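Student: Could you take me through one part of this protein in detail? I'd like a close look at the hairpin, along with what surrounds it.

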Amino acid sequence: MNHSHCIRLSLTAIVVAAISGSGPAAFAEDSPQEAAVRQALAGLGQAFNQHDAAAFAAGWTDNGVYADPSGGIELRGRQEIEGWYAEHFKLQPDTKLTAKIAEMEFEGDAHVFVRGAAEVTASDGEPNRTSFLAELVNENDRWLVASVEENDADPLVDLALVLVPRDAG
């Protein structure tokens, strides 16, 4: 596993810490589905920021995929995700993640795409910003991350986040 890209990959948690801090209750106009997705992502963000690789990986499907095409990183499966993050947290013990959701697009009751922007601050204090697209699925009444693709920060997503009246990070 290549840890030279650990700050970027950390953003994956993405989607995840997106809600860390404000929690799902902060979005009164959310539907019950949206609130459940935000709650699931908040749990992932909390696990990431507590550097709990097992809890973080538990928020992914068994065959979840993380991809960072520009960084040349692809992790497949909950076990590989947990192992990579366990090592990452050892190498970057001060890494913190925040993220904002720009939009959620549901396809039925058990499938949602979440688009947003994330920022990871590592031990050196330099923030790294990316855009992400996450796919979550509802398995047995629990929202889990099926995939995340992370790319260099997208100015349009950043602009959308400025224009969105709700703060998720």
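Predicted model: local features only at pLDDT ≥ 70, side-chain atom pairs only at ≥ 80, totals over all residues.

Tutor: Let's start with a term: a residue is buried under 20% relative accessible area, exposed over 50%, and partly exposed in between, with a 1.4 Å probe and protein chains only. Residues are numbered from 1 along each chain as its sequence is written, and side-chain values use heavy atoms, leaving out hydrogens and water.

Now the hairpin. Helices (H or I, at least four residues) and strands (E, at least two) are DSSP runs numbered from the N terminus, and two strands pair if DSSP finds at least two bridges between them. Strand E3 (residues 96–106) runs antiparallel to strand E4 (residues 111–121), with 10 bridges between them. Across that pairing, isoleucine 101 faces glycine 116 in E4. Four residues separate E3 from E4, and in the turn glycine 108 has a positive phi of about 80°.

What about the interior? A nonpolar core is a set of buried Ala, Val, Leu, Ile, Met, Phe, Trp, Tyr and Cys residues joined through side-chain atoms within 4.5 Å. The largest one has 31 residues, and Val114 is among the members touching the most others, along with Val37, Phe56, Trp60, Tyr85 and Leu136. Helix H3 (residues 32–49) supplies the largest share of this core, six residues.
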